[in-house]
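Please look over the following briefing with the sequence and the model side by side. The notes are grouped by topic.

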Amino acid sequence: MNDERPDPDELLHKLTAEEAHAKRGRLKIFFGACAGVGKTYAMLAAAHAASVQSAGVVIGIVETHGRRDTEQMAGDLPRLPMKEVERRGSVLREFDLDAALDYGRQHPGRVLLVDELAHSNAPGSRHPKRWLDVAELLEAGLDVWTTLNVQHLESLSDVVSNITGVRVWETVPDRVFDEAKEVIVVDLPPDELIERLRQGKVYVPHQAELASRNFFRKGNLLALRELALRRAADRVDSEMQAYRLQGAIAPVWPNRESLLACVGGAEEGEKVVRSSARLANQLGVSWHAVHVEETNAPDRSGPDRERVLRVLRLAQDLGATTATLVAPKAAPALVRYAREHNLARLVMGRTRRRWPYRKTLAEAVEAAAEDLDVLKVALPGLARIRPTFLRRFASPTRNAWHGYFVAVLLCIGVTLAAAPLAEELKPTNIVMLFLLAVVGVALRYGRGPALLAAFVGVALFDFFFVPPGFTFAVADTRYYAATFAVMLVVALVIGQLTAGLKVQAEAAMARERRVRALYEMARDLSAALVVEQIAEIGARCLSAEFGVRSALLVADDEDRLQVSGEATVKVDMGVAQWAFEHGEAAGRGTGTLPASPCMVLPLKATMRLRGVLAIEPEPNGLFSPEQRRLLDTCASLLAISIERIHYIDVARKATVQIESERLRNSLLSAISHELRTPLAAMVGLADTLQITRPTLGREQEDLVAAIRHSALRMNALVNNLLDMVRLESGTVKLNLQWQPLEEVVGSALAACSTPLRGRAVKVDLPDELPLLHLDSVLIERVLVNLLENAAKYTPAGTPIEIVARAEDDGVILLVDDHGPGLPRGREKTMFEKFERGRNEGPTPGVGLGLAISRAIMQAHGGSISGRSREQGGARFILWFPRGEPPTDDGSGRADTAVATDRSATVGTTDE
């Protein structure tokens, strides 16, 4: 019986489906990533081309959205009338399904254009969705062309919502897309689409501006473009699979990566499944997991059967398509399944022949299908099926005595092999056999076993092959003494050289492995963007190289250690803090706190310590010096990566702050300049109203005075804004002169006579205060700001004290009041722009006085700070640098210059 013949039921089902499909209309979808890529325009262009070829095309509905090119393209094609639907007092124009059906019956073979397949119809229509209208048209035998965006597919709507943050309500079932006769992908690069949006070719201007800030961002467009192309590729792949099945094409077409995991009945099937899942995730492909039950195999017991089902359930949970096949042989069944599903790679466990004449499963598959790739997974239980002697002989790790035992056995084996040939071979040839045994032992087991093999080989050669036989006596001492000596020396030298080369080769391989591990770690760390990624990469690399668990603790701005990422070890924070503070290793294996279960290494970067790395070795494991150096290198890589991320964050914040300050200054400068002219006009008009005739009444005079006062206050605010901009931009040039501080203080008090009315101001300026090199006008401005703030924020009638004292490097001026003091915790932020002691309240001001004062003091090389006093009130501390005033050379010029400057300053202040 031929098992390859087609199933009659399948043939009947296929013929029925083809007959029904022939009566159904054909659907062509113009598919794109989003609006504006040109789907409607491409559909209309294809309609014009079809019209030229005598194929009738009529427009059922086309949404142009006001695009001139699209309207012009649609103007030459015939249209069906629209249906008007009344909705809440307005009339909506919708697609007329009945008119389209009548037209199709009267004009068979015509193509109907129905734009926007996912559109929701107006209430009262026959179908709530337009795709249902299209389905009815297709059932009536009409050919329909339509357009669709990827976000309107039902299976991708939630994905698009997560990417763009926009909920998609109008969706189309995926089966409509999959059943379409043809799908035309209309694609446009994101940059061109954004440019079209700016030019108004997608939406009208106000809609385009809103869309560019939300949906039409470049990242969103790139993601939508990838989704559209992938979905179209999946549909093409399904068509290709159907074509292969329909044409009975046996060879696999490796057009895309695909995997088939071959699950056996042994315990190692779970590793095959997990390895296949990891490989599929790395390649980003789908995969299958299949188990074959051979009909001629003995019935499997309950545990074996349960084990296979458990592995298949695991594969299904990991995303595989699972199946159980029944066939006489496993290899042909796997090949047939792979070809039916176009799976180019088979993953199976590595096995060895149990019998020389019987092929393994991998060999049988390779012989049956040369077009398939076979990947073999190493199985941990493979060594258990080998004989004990061979397993120990091949094992890279063995007991110390094992090599000596093998050396003796190998020498005995050489003796037994050479004994029958003793009459045919010369003694020198037999010596070569023993030397070969010594080389093999040295290559595999090292110096000690090779040394033993040399002595045992000499003894056996003497006992069995040197006359008289079976005795250690030597007939010809002169001849055999030289032979024994040469044989022993050559055996020892060869053994030592071979063992040395083996050690060097192993060391070179270990170094290569360590260098590769460091390279991979450095490569992964260079791509890390956050500290959590660094912690994950470090834990993975340390686990792979040393088999240890680790935790990364990073120091914050206040030098407190915080665990980053998921810590797999319990860290003693006292040991970690000690290692961080002293910059030395602590914990297990070190001279500091060795009782700790973890070794803690400091993360030393270029600028400072960035944290610590905690490592928990095996219970009885200690690190060799070379491993310790490698651990220190890994810690340095982690520290450098953390520092790189820190400075990237600092640079980003500085850039944002600089740009914000530049924008704020530009805005303040523009606003201030625009406000000065109308404010000056308001003040002038108020003054004019006060001197006009006839004289104004009392109420009118009060209104004019209020207008003038408000305009002057607003003008002062504008001046503050301009001064702030000038100071921060560096355009203000200081008029530095040697001035006595008491004159500046006196000028400031005179300027604040009105706000300080009713208050006692105590001034304590010692006579020994030196002259200061300052701009008296700007320093007076600082004192005026402080005095006005004291008048605003302290109770009426409370005193104000101004005290100065000289120090070695400068002069300190204190301004104290008796108000509520500065807000706790905001003593430094009070000097920022637009910061006020009370964010809301009746006290006028915008919070620029202290910011201007700080900028002026910094321009003079001094400083200003504030704090609350213990006895109540606020204290502002001004520090002026102390310079070297000019000396009198006897001509009186220096004193005259100072006096002239002082008089000028006083005069300016009086003005």
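Which residues are buried in helix H8 (residues 190-198)? Pro190, Leu193, Ile194 and Leu197 are buried there, where buried means under 20% relative accessible area, exposed means over 50% and partly exposed lies in between, with a 1.4 Å probe and protein chains only. Seen down the axis of H8, these buried residues fall within an arc of 100 degrees, so they line one face of the helix; the arc is that of the directions from the helix axis to the C-beta atoms.

This is a predicted model, in which local features need pLDDT of at least 70 and side-chain atom pairs count only at pLDDT 80 or more, while totals for chains, interfaces and linings use all residues. Residues are numbered from 1 along each chain as its sequence is written, and side-chain values use heavy atoms, with hydrogens and water left out. Helices (H or I, at least four residues) and strands (E, at least two) are DSSP runs, numbered from the N terminus.

**Cavities**

- A cavity is a set of points, on a 1 Å grid over the protein atoms alone, where a 1.4 Å probe fits but cannot get out, and its lining residues have an atom within 4 Å of a point.
- The count comes to two cavities of 30 Å³ or more, a volume being the space filled by probe spheres set on the points, with grid points joined across faces, edges and corners.
- The largest cavity holds about 50 Å³ of space, and its lining includes Pro190 and Leu193, with H8 and helix H10 (218-246) each supplying at least two residues.
- The second largest cavity has a volume of about 30 Å³, and H10 gives the most to its lining, with three residues.

**Positive phi angles**

- Aspartate 559 is not a glycine, yet has a positive phi of about 60 degrees; this residue sits in the loop between strand E13 (549-555) and strand E14 (561-564), and at 36% relative accessibility counts as partly exposed.
- Leucine 593, also not a glycine, has a positive phi of about 50 degrees, and its place is the loop between strand E15 (586-587) and strand E16 (599-604).

How values were computed:
On a 1 Å grid over the protein atoms alone, a cavity is a set of points where a 1.4 Å probe fits but cannot get out, and a pocket is an open set with protein on both sides within 12 Å along at least five of seven lines; lining residues have an atom within 4 Å of a point.
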